[in-house]
Each structure stands twice: as structure tokens, then as C-alpha cells.
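Reader: Could you take me through this model, please? I would like to begin with the secondary structure.
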Amino acid sequence: MNLERFNELLLKSIGVGLAVADAQTFEVLVTNDCWDDWFGREEKSVSLPEVFPEFDVERLEKRLAAEKPYLLDVAAPAGKRKISLAAKISRHSKNELSVLMVECQNVTRIKEMEYMIQSYSSMVEKQNRELRREKERVEKVLLNIMPKTIYDEWKQFGVTAPQRYDNVSILMLDFAGFTDMAVTEDPPALISELNDIFTSFDRIVEQFGCERLKTVGDAYIAVAGISEASPDHASNIAAVALRFLHFLTRRNATHHQTWRCRMGLATGPVVGSIVGVQKYVYDLFGPGMNLAARLESLAEPMQIVMHEEFRALLDRSFVVKDLGTANIRGFGEKAVFQLVGSDEL
Amino acid sequence: MALPLFERLGGFAPVSKIVLLFYHKVEESEDLAQYFEDVEMGRLIDHQTKFMASLMGGPASYDDATLQRIHMPLEITNEAFEGMAELLQETLEDFECSPEDIASVMHEFRRRRALVVHP
């Protein structure tokens, strides 16, 4: 065996399809067995463009001129399906003779993997998008329960420190005679009405830049100055109170069931905190809350009652009526006032 | 909460081998290859990947309406369906999946018979 014979055998046996073609006419001159298996062996001569429908002469010239090989993806039929091949065409010259060398590698397996990775990554990306949307939804719900600063703190540390607020106003409302109503009227219909009323309250509260803290049965508590500090917290809450009265008065005129509320407005220091471990509730504690509750219980139906310090924060556009003094448990004698109306509303 | 088979097998890397093996078995099968003749490779691989992922609890699933819509025009027979089932079982056995896991994947596959078979 000599080197020439060895090379000949080698050429026959490797798994790369090889061909040599004329650099001018592109006529295929020599092929190896692998090439023949893929592209068939004709008696007549074939040219490269006939073997490869994708063959682009211009691109070939351009690449060869830049001394780079011309690469193209081709397919060869194999039984019922096709195999993917990567063809590399380069030019070789010796003396006056110039030929094109064509090497074809079977890249079917590689292509399959490529497609599978594509498929899988698009699945995962879709899932990630859905997870992000879900996360946003959950965040939205949590932001409804607590102020954003508290939420950020909780998200970062897993716990929150109770925080004191000095310049806040609180509105406490409940309905006179609700317990009796609940017993005698149709309960589901009653609750449905209460829900409608509270929903309308929520809209009014939002309009004036306040927040609903919570509802407890038929009691509704709104606050101002928690999420965002504001010098107008008292005026905003007072405006909300008047709007609530106005809303209920109009509603009572057109509905069968009469709803008569009592309201207490107070200002004072409070401490806000997330309460509980399994179930999250954001709640406020402190003299401000207690005072609002006691003032509310002093109120007549459809009356809004406030204390001296709250009145002091209101501007002149609000109309108040002096109610004298009252002994408020825990606070002693306090001057109390009724909020009657406003020039602006 | 038990992890889905997809995760227990080790995620996409090992599952990709299962997908490829199944794909090649189908390609070489006399009876089943005809259903896939005109489907271009990229689409076919995409289908097989999502198919396997949905049977194993991976990050994708075909909903019932989509499955029905894709298979209706193909006029797949019960024999062909069973042929696929056999190849699927063979593939999972080649990978030495546990009998319980094989049973649960086969169950998921057969559960969708009515959506796929439209002779």
C-alpha cells in the first residue's frame, strides 16, 4: 500500500461528502462515495447549481474574491425525509488549474437540537411572562391592603416595623339601627346594598386622595395622611364625610331601604402596622382611632361630629356648628362640633 | 407537593434526549412516518418537544381545543394512535424510567385519544 492508495481509500470512507468541480463551468468532476450516496451518481455530468438549487453564483464569487469559503445550507433526500447538510465551497489553484472543492457535513442532528432548544426556550419564555403577570396581579392585591412604603419594606425584609404617624385624620362611620335591619330585612339583599354603598364610598374616598383603611361589618373607616403626608388631611376627610352624607341622602330618596349613618372625625397620633403572620391586615392603633370611634358613637343619625383639634385644622370654607362639650372616655371634657356643610361642595 | 416527572428526570437536558429518540423512532416507523411526511423539520421538532413536555408536566401544554384542531384534518386511525403509544412506551423503557412514571405518562397520552383520533 502506498500513500496515494491510502489517500484514495481514506477519501472513499470518510463521512463527509466531497466533490471537486470546475471553477468556471461548475461541472462536477470528482466525487466520493459519501457524496454519491447523498446526491446520486449520474452517467452524464452535472453542475453544482443542478445539485444545489440554493446555489448563488454571485455570492460564491463575492466570497471567493474575499478569500473566504462559500457556505450554504442544503438538504438531501433520504428515504421519506431529508437530511440537513452544511456545504463549504472553496477554491484551490495549482499552476494554471483552478478547481472548487465542496465539503458537505451532515448536520441533521445539530439542526434537530437547534430546533428543540428554540422550542423549549419559547415555552420557558412564555411561562416567565405568565409568572410575571401573576406577580403583578398579586402585588396589586397586596398594595390594596397596605400602603406602598410598607409593602416595599415587607417585600425586602419580610417584616415591617410599626410606624408612627402624627399628622393624620380619621373618619369612622357606621349605620344606626343596622343590627335591627339585619335581623328583620332579607340578609343577602341587605348585604348586597351595603356592599354597593361601601363601593360608592371607596370611589369618593379615592377622589379626595384618602384611603379606606378597612370595613368591620357595617362600620367603615377611612384615613388621610398615611400613604402620603398631606397638610390638607383634615379638609380632605371633612370633604369625604360631607360627600358620604350627600350620597346617602340622595340614595334614601330613591330607594326602599333607608340608611342612616353616624360619623366621627378625629386627628391624632396613630401607629400603623401589619398585623398577623398568616393573614395580613394592615391596621392603625392609637388615640386618633379611639377618639374617632367615641365621637362617632356620640353622633346622631346623619350627623358628623368632630373634636376641637380637628376643627382647628379646617379652613373657613367648612361650616360647623358648636355642640358644646362632651365627656369622652379616655380623653376627658372636649369641645365637640358638628360638620354641617361646605361652601365648595 | 410531588415534583412533576419533567423535573424529576432532571429538566430539559435529559428530556431532550427522550424527545429525539422518540422523534427518530417515529421517523423510521413504516406506518407512522407518513403522517409526518409533509411537516417541515423545525415544526415537527417543536411539536414533539411540546408534546413530551405536556405529558411529563413540563412548561407547556396543548389545551384540548388546540389538540383537536391540529389533529382533525390528519384522519388518524386508532391503529396509528396505538402505534404511537407503543413507540412512546419503548422510548421511555429505553431510558429506564420507572414503571410508575411510564404508566403515568402512558395514561396522560391515552387520555387524549378522543381529541387525536379522527379516522
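Reader: How many helices and strands are there in chain B?
Author: Chain B has 8 helices and 0 strands, where helices (H or I, at least four residues) and strands (E, at least two) are DSSP runs numbered from the N terminus. This is a predicted model, in which local features need pLDDT of at least 70 and side-chain atom pairs count only at pLDDT 80 or more, while totals for chains, interfaces and linings use all residues. Residues are numbered from 1 along each chain as its sequence is written, and chains are lettered from A and ligands numbered from 1 in the order in which they are written.

Reader: What percentage of chain B counts as buried?
Author: Of its 119 residues, 23% are buried, that is, with 20 or more other C-beta atoms, placed from the backbone, within 10 Å of their own.

Reader: How many residues does each chain bring to the contact between A and B?
Author: Chain A contributes 11 residues and chain B 16; two residues are in contact if their C-beta atoms, placed from the backbone, lie within 7 Å. On the side of chain A, helix 5 (residues 108–145) supplies the largest share, 9 residues.

Reader: Turning to A:Phe310, is this residue buried or exposed?
Author: A:Phe310 is buried, because 27 other C-beta atoms lie within 10 Å. This residue belongs to helix 11 (residues 308–313) of chain A.

Reader: Which residues does A:Phe310 touch?
Author: Leaving aside residues up to four places away in sequence, A:Phe310 touches A:Ser169, A:Ala234, A:Leu265, A:Ala266 and A:Thr267.

Key. A residue is buried if 20 or more other C-beta atoms lie within 10 Å of its own, exposed if 12 or fewer, and partly exposed in between; C-beta atoms are placed from the backbone.
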